[in-house]
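Here is a briefing on one protein model. Keep the sequence and the structure open while you read.

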Amino acid sequence: MRKVNFTETVLRDGNQSLIATRLAFEQFAPILEEIDNVGYYSLECWGGATFDACIRFLNEDPWDRLRKIKAIVKKTPLQMLLRGQNILGYKHYPDDVVRNFVKATVANGMDIVRVFDALNDFNNIKVAMDEVKKQGAHAQGTIVYTVSPIHDVRNYQNLAKQLEEMGADSICIKDMAGLLMPQVAFDLIKEIKQTVKLPIYLHAHCTNGLAEMAYLKAIEAGVDGIDCAISPFSSGSSQPPTETMHFALENAGYTTGLDPIKLKTVNDFFKPLRKEFIASGVLDSRLLTPQPESLVYQVPGGMFSNLISQLKDRNAIDKLDAVLNEVPNVRKDLGYPPLVTPTSQIVGTQAVINILTGERYKVVIKEVINYFMGEYGKVPGPINEEVSKKALRKKQPLPGRYADTLEPAFEKAKEKLMDITSNDEDVLIYLLFPQIAEEFIKNKNGIDSDSPSLETMPGQWVV
């Protein structure tokens, strides 16, 4: 029997997609040992939005969170999602910051690093991939899947070949918006399997009700592993349920290596947590069922929950349908970028602004300007020149790789922070989130938060 590997996502994407990454360490710590004994190929537990959420909402040191998980989960490889040159922030960072971040990540226990670029511009992942391999971890190169007039199977085959040539240990097809049709999944995996000799993993969301069918067809075509979430944090805008896929595949003649009795224990643990998040309103019921209209909007799970949150904050939730209709229009104007962090936030926020102001591009957000400048990488397709001209205002797009224009930043930041920390991990927190990191670091290190701020001290260095 052929084995299909399972990656469990409840500690990262499962809760990121349903509850905006509000699952605190203390809430899942008691079940970690049981999770470690289920038989998963890997446990996705870090990266994505977890780093930001730990600092901004959960008052947790994300590095300490990783160490605590690793101290308990000793059998199952830990996995994370890294945004290439964006690391876990929302802009590109200099190469020295990327390398230092990867070093610290692996040193603190990370085994598999799934690296992607929102635009599939692999110039933006080459440094991170290189450092992952230098540190002895598994470098999983990622292809962001989307649907547009410029994306087809041949395009993805070419990308897979590039990843193999870059030295990737495996490849992930990342279907963050749940757009992968079952037959396309079969054809795509079959063709990529014939193109490269690397293991292929598939990540999808149930946003449109397609993921389970896409998974099954991909498995028939030879995919090596799938991402699933334990059932209380599965489906809707999350991943397919682990237990259901396990039983379906075992019935179909495959083996998963998962222990169904231990899966039930994990399931029973998370059920009350799900009820708590529903009762508090953190888990919005709209995220629990398929939204097939997203086959038009092409909105990934995390982006959908963020749009709802943005509109609620502005008392404009009644504008949700209008915003969803505007998203594909903005995406077309920007040359059909795949909708994944940070491009999903860029397109989504611009769509919200377009609707709330009542005029398209009356206000062009800074991130759209930076996008047209080339700061996020090479634009996949033809852009709306009128929108570009309005955004750039006679500025010229940057030539080449944006990160090559950035000065090294790690040592400068380390020197800047010497009065409040000597910890390299704190420096990395500051580099990624300077607006909120200073107070966080001071509180963590027991320093009076009323002491002079780095933002007002002489010789200010801006990250």
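Strands β3 (residues 78–82) and β4 run parallel and are joined by 4 bridges. Two strands count as paired if DSSP finds at least two bridges between them. Helices (H or I, at least four residues) and strands (E, at least two) are DSSP runs, numbered from the N terminus. The model is predicted: local features need pLDDT of at least 70, side-chain atom pairs count only at pLDDT 80 or more, and totals for chains, interfaces and linings use all residues. Residues are numbered from 1 along each chain as its sequence is written, and side-chain values use heavy atoms, with hydrogens and water left out.

**Strand β4 and its partners**

- Leu82 stands opposite Val115 of β4.
- On β4's pairing with strand β5 (residues 138–144), the sense is parallel and there are 4 bridges.
- Ile112 has His138 of β5 as its bridge partner.
- Strand β4 spans residues 112–115 and is covered on both faces. Ile112 and Arg114 are buried on one side, Val113 and Val115 on the other.
- Buried means under 20% relative accessible area, exposed means over 50%, and partly exposed lies in between (1.4 Å probe, protein chains only).
- β3, helix α6 (residues 95–107) and β4 form a right-handed β-α-β unit.
- β4, helix α7 (residues 126–134) and β5 also make a right-handed β-α-β unit.
- A crossover is right-handed if, with the strands pointing away from the viewer, the path from the first strand over the helix to the second runs clockwise.

**Helix α8**

- Helix α8 (residues 153–165) has 13 residues. From first C-alpha to last it reaches 19 Å, close to the 18 Å expected at 1.5 Å a residue.
- The expected span is 1.5 Å times one less than the number of residues in the helix.
- Tyr156, Gln157, Leu159, Ala160 and Leu163 are buried in α8. They sit on the same side of α8 because they cover an arc of only 165° around the axis. That arc is taken from the directions from the helix axis to the C-beta atoms.
- The cover over these buried residues includes β5, β6 (170–175) and α9 (182–195).
- Arg154 and Glu165 are exposed, on the face of α8 turned away from its buried side.

**Cysteines**

- How many disulfides does the structure hold? The count is 0. A disulfide here is a pair of cysteine sulfur atoms within 2.5 Å.
- Cys172 is in no disulfide; its nearest cysteine sulfur belongs to Cys228, 12 Å away. Cys172 is buried, at 0% relative accessibility.
- Cys228 is in no disulfide either; the nearest cysteine sulfur, that of Cys206, is 8.3 Å away. Cys228 is buried, with a relative accessible area of 0%.

- Helix α16 (residues 343–357) has 15 residues, which should span 21 Å at 1.5 Å a residue. Its end C-alpha atoms are 21 Å apart, which agrees.
- Buried residues in α16 include Ile346, Val347, Gly348, Ala351, Val352 and Ile353. Thr343, Ser344, Gln350 and Asn354 are also buried there.
- Pro342 lies in the loop between α15 (320–333) and α16. Pro342 is buried, with a relative accessible area of 4%.
- Leaving aside neighbours within four places in sequence, Pro342 is in contact with Asn86, Tyr90, Ala118 and Tyr376. Contact means heavy atoms within 4.5 Å.
- The C-alpha atoms of Pro342 and Asn354 are separated by 18 Å, and the two residues are 12 residues apart along the chain.

- Most residues other than glycine have a negative phi.
- Thr21 has a positive phi, near 60°. Thr21 is found in the loop between α1 (10–19) and α2 (25–28). Its relative accessibility is 4%, so Thr21 counts as buried.
- Tyr361 has a positive phi, near 60°. Tyr361 lies in the loop between α16 and α17 (366–373). Tyr361 is buried, with a relative accessible area of 3%.

**Tyr93**

- Is Tyr93 buried or exposed? Tyr93 counts as buried, at 2% relative accessibility.
- Tyr93 has its place in the loop between β3 and α6.
- Not counting residues up to four places away in sequence, Tyr93 touches Gln85, Asn86, Ile87, Val98, Ala403, Leu406, Leu431 and Leu432.
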